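Trainee: Please take a close look at the ligand site and its surroundings, and at the charged pairs in the protein.

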Amino acid sequence: MSKRMTTTIPTEMTFFARFEHDILSSKKTITIRDESERYYVPGTTVKVSTLEEGREFCNLEIVSVEPILFDELTQYHADQENMTLPVLKDVIQDIYPGITQLYVVSYKLVA
Ligand SMILES: CC(=O)Nc1ccn([C@@H]2O[C@H](CO)[C@@H](O)[C@H]2O)c(=O)n1
């Protein structure tokens, strides 16, 4: 007998304010998160605000959510973050110290 599980589809996402400009200019088209943020659903739209002040600044449509290991990150991911790979790895280690399992969330700006 299988247990029925319910999940709540997330409808909001936060970013550090320093990334707002890159997101709004579509220079940054992915974000890399931990398992707590793996439940975004492709095709849904999320309301985006700054982590620091909770200021809403756009809506994003989720395009995909893909698991990735920290050691598998490449320049391809860094390009989509508008960063160099060493900087991206530093940023992730700052936010998620010692993490190995991550999720690449890709998105597009909703007009
Ligand atoms: C609660 C909360 O807001 N968390 C995060 C987590 C990550 N990020 C950015 O995603 C990319 C890879 O991690 C980098 O650009 C990060 O700076 C972010 O802006 N905000």
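Mentor: A salt bridge here is a side-chain nitrogen of Lys or Arg within 4 Å of a carboxyl oxygen of Asp or Glu. In this predicted model, the count by that rule comes to six salt bridges. One of them pairs Glu12 with Lys47, whose closest N and O atoms are 3.7 Å apart. Glu12 belongs to strand S1 and Lys47 to strand S3 (residues 45-50), so this pair ties together parts that are 35 residues apart in sequence. Side chains of opposite charge can pair when their charged atoms come close.

Now the ligand site. The ligand sits in the largest pocket, and 15 residues surround the ligand. The closest of these are Phe19, Lys28, Thr31, Ile32 and Glu81. By type, the shell around the ligand divides into 10 nonpolar, two polar and three charged residues. Strand S1 (12-15), strand S2 (30-33) and helix H3 (85-95) each supply at least two residues of that shell.

From Thr14, a polar side-chain atom lies 2.9 Å from a ligand oxygen atom. Phe16 and Ile32 use the backbone instead: a backbone N or O atom of Phe16 lies 3.1 Å from an oxygen atom of the ligand, and for Ile32 a backbone N or O atom lies 2.7 Å from an oxygen atom of the ligand. Taken alone, the ligand exposes 440 Å², and the protein buries 92% of that.

Conventions
Residues are numbered from 1 along each chain as its sequence is written. This is a predicted model: local features need pLDDT of at least 70, side-chain atom pairs count only at pLDDT 80 or more; totals for chains, interfaces and linings use all residues. Side-chain values use heavy atoms; hydrogens and water are left out. A residue is near a molecule or strand if one of its heavy atoms lies within 4 Å of it. A polar contact is a pair of N or O atoms within 3.5 Å; within protein, one must be able to donate a hydrogen and the other to accept it, and residues adjacent in sequence count only if both atoms are side-chain atoms. Accessible areas come from the Shrake-Rupley method with a 1.4 Å probe; for residues, only the protein chains shown count as cover. On a 1 Å grid over the protein atoms alone, a cavity is a set of points where a 1.4 Å probe fits but cannot get out, and a pocket is an open set with protein on both sides within 12 Å along at least five of seven lines; lining residues have an atom within 4 Å of a point. A molecule sits in a cavity or pocket if more than half of its atoms lie within 2 Å of its grid points. Helices (H or I, at least four residues) and strands (E, at least two) are DSSP runs, numbered from the N terminus. Ala, Val, Leu, Ile, Met, Phe, Trp, Tyr, Cys and Pro count as nonpolar, Asp, Glu, Lys and Arg as charged, and the others, Gly among them, as polar.
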